[in-house]
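Trainee: Could we go through this model by question and answer, with each cut-off stated when its term comes up?

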Amino acid sequence: MNFWAELLVCVSLFIGCFFTLVGAIGLYRLPDFFCRLHGPAKATTMGVGGVLIASMLYFSLNTGPISVHELLITLFLMISAPVTAHMLSKAAIQQKLKLWDKTQHTPWEPAGRE
């Protein structure tokens, strides 16, 4: 494998790891469930996608034909992660989970009503 191909795989892997780390830090540091849901739903989707794209590039450059498995996993993840986050938030709204003290309004009541 030549230098530019290795560099492309390394950059894609680094971007994926960076987004995964940001999602994990967001999960740990954010104050309530609704805030915590946002970090992993966005960042880790990009992180796992970056790692899978790096894997797809590496194995397609070494073995020859493009492996479709990693591409299908990435597409499935991009479709299913936002849907899962939406379903979790809807369940949390129905349970009326405790919110952070600085939250301005509750998600289960319309904004603007005093």
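Trainee: Is Ser89 buried or exposed?
Mentor: This is a predicted model, in which local features need pLDDT of at least 70, side-chain atom pairs count only at pLDDT 80 or more, and totals for chains, interfaces and linings use all residues. Residues are numbered from 1 along each chain as its sequence is written, and side-chain values use heavy atoms, with hydrogens and water left out. Buried means under 20% relative accessible area, exposed over 50%, and partly exposed in between, with a 1.4 Å probe and protein chains only. Ser89 has a relative accessibility of 16%, so the residue counts as buried.

Trainee: Which residues is Ser89 in contact with, leaving aside its neighbours within four places in sequence?
Mentor: Ser89 lies in helix H3, where helices (H or I, at least four residues) and strands (E, at least two) are DSSP runs numbered from the N terminus. Contact means heavy atoms within 4.5 Å. With the neighbours within four places in sequence set aside, the partners of Ser89 are Phe33, Phe34 and Leu37.

Trainee: How do the rings of Phe33 and Phe34 pair?
Mentor: Rings of Phe, Tyr and Trp (its six-membered ring) pair if their centres lie within 6.5 Å, and planes under 30 degrees apart count as stacked, over 60 as edge-to-face and the rest as tilted. By this rule there are four aromatic pairs. One of them joins Phe3 and Trp4, whose ring centres are 5.1 Å apart with planes at 75 degrees, so that pair is edge-to-face. For Phe33 and Phe34 the centres are 5.7 Å apart and the planes stand at 80 degrees, so this pair is edge-to-face.

Trainee: What is the relative accessible area of Phe34?
Mentor: In the Phe3 and Trp4 pair, Phe3 is exposed at 54% and Trp4 is exposed at 62%. Phe33 is partly exposed, with a relative accessible area of 26%. Phe34 is buried, and its relative accessible area is 19%.

Trainee: Are H2 and H3 roughly parallel or roughly antiparallel?
Mentor: Axes are lines fitted to C-alpha atoms, for helices over the stretch in contact, and angles run from 0 to 180 degrees between N-to-C directions. Helix H2 (residues 33-63) and helix H3 (residues 68-95) pack at about 175 degrees, with their axes 9 Å apart. Angles under 35 degrees count as roughly parallel, over 145 as roughly antiparallel, 65 to 115 as roughly perpendicular and the rest as oblique, and H2 is therefore, relative to H3, roughly antiparallel.

Trainee: How many residues of the contact of H2 with H3 are nonpolar?
Mentor: The contact includes Phe33, Phe34 and Leu37 of H2 together with Glu70, Leu88 and Ser89 of H3. Ala, Val, Leu, Ile, Met, Phe, Trp, Tyr, Cys and Pro count as nonpolar, Asp, Glu, Lys and Arg as charged, and the others, Gly among them, as polar. The division gives one charged, five polar and, as nonpolar residues, 18.

Trainee: Which helix do the buried residues of H3 pack against?
Mentor: The buried residues of H3 are Glu70, Thr74, Ala81, Ala85, Ser89 and Ala92. In H1, the buried residues are Ala5, Val9, Ser12, Gly16, Gly23 and Gly26, and these pack against H2. The buried residues of H3 likewise pack against H2.

Trainee: What pattern does the protein chain follow along the sequence?
Mentor: The secondary structure comes to three helices and zero strands. Read along the sequence, the pattern is α-α-α.
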